[in-house]
Amino acid sequence: MPASRIAGTGRYLPAEVLTNEALARRVDTSDEWIRTRTGILQRHIAAADEATSDLALHASREAIAAAGMQPSDIDLIVLATATPDMIFPSTACILQDKLGIRNGGAALDVGAVCSGFVYALAIADKMVASGAARNALVVGAEIYSRILDWNDRGTCVLFGDGAGAVVLLPSDAPGIVTSHLHADGSHRGILCVPGHVHNGQVTGTPYLHMDGSAVFKFAVKVLADVAHEALAAADLPAERIDWVIPHQANIRIMDATMKKLYLPHERLVVTVDLHGNTSAASIPMALDVAVRDGRIRKGQHVMMLGVGGGFTWGSVLVKW
Ligand code: UT7
């Protein structure tokens, strides 16, 4: 059966590090509160002259090199972001140009917020497996520091900037075993940036708004549900999952999901401590870390789980 497989991974974090202690000097919070409630120790902040496409470019170059390819080999770019460079063109088209690809294949953005990478990977998998594309670049890239109200301690401590990427190639055997995507727009109010441009003005707040505890409860429920959906489709018991890579939002959400799957904490890939919630970038960044440090090995099963504004959620099960 035609399928796709991940052939290379990459990641990029901007140079500036903002620690919990430094944040506590700006807003009424503490390192202890942030650490115990979220597991976050620090986040990275993009430089003023860095765009989302620049973060994506660094991560993409790494992933393409790891796959032993050249940018000119890429004939599909699917880029997940909620913080695009501009309203249009898509950040994927800007990335394509920065990679030096001319007269290339399709390049598109996916807007599924923190589920964006799982959505993008599922879309690219279908295109590669069907033969519509050969060598796909799938990216999650975000600059949330620009949509945060830095006076709102309830949100500004949680997020950070970064990018992660993978290269997806055709394969005789999966690879990507199964993927499952969901959305329920009736929950859009609990996590949103309602502002939009109207007659040259921003109408509504351009800052991230979140009902933290509603998001928390929703996330724990749907992450476990969509993991079970993938296991059922693959006819695989949960204990055969070697690594779970959930969206890196909050260590307590990740631990609660592992409990619901009856899997030990040791099989969880955690990088949220190092970069906070980087939305669509968090899963490919965590994947890259676990691939490069040798934790993920050939033949193992990796479960990626996304959840985010929309609300959207999804799973991608990979046999490495
Ligand atoms: O990609 C998905 C994006 N979103 C998320 O993943 C967020 C999901 N939600 C969460 O991670 C958690 O709900 C939070 C970390 C946001 C909050 O944790 P919590 O245990 O649900 O705390 P809480 O909302 O119940 O707030 C407890 C207290 C409140 O004070 P009072 O009303 O009890 O006096 C807050 O005002 O903590 C206060 N608080 C803070 N205190 C110090 C809220 N933010 C802060 C802060 N520092 N940064």
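Predicted model: local features only at pLDDT ≥ 70, side-chain atom pairs only at ≥ 80, totals over all residues.
**View 1. N103, in the loop between α4 (91-98) and β5 (106-110).** The phi angle of N103 is near 50°, which is a positive value in a residue other than glycine. N103 is exposed, with a relative accessible area of 82%.

**View 2. Y262, in the loop between α8 (251-260) and α9 (272-275).** Here's another positive phi in a residue other than glycine: Y262 has a value near 55°. Y262 counts as exposed too, at 77% relative accessibility.

**View 3. A cis peptide bond from P174 to G175.** Omega for this bond is near 25°. G175 sits in the loop between β7 (161-171) and β8 (176-183).

View 4. You'll find F311 in the loop between β14 and β15.

**View 5. The largest nonpolar core, with 45 residues.** I241, M303 and F311 touch the most other members of this core. Two or more residues each come from α1 (20-24), α7 (212-234), α8 (251-260), β14 (301-308) and β15 (312-319). The largest share, 10 residues, belongs to α7. There's also a second, separate core of 32 residues, and among them are F117, V128, L287 and V316.

Methods. Residues numbered from 1 in each chain as written. Heavy atoms only, no water. Core = buried A, V, L, I, M, F, W, Y, C linked by side-chain atoms within 4.5 Å. Buried < 20%, exposed > 50% of the residue type's maximum accessible area, 1.4 Å probe, protein only. Helix = DSSP H or I, 4+ residues; strand = E, 2+ residues; numbered from the N terminus.
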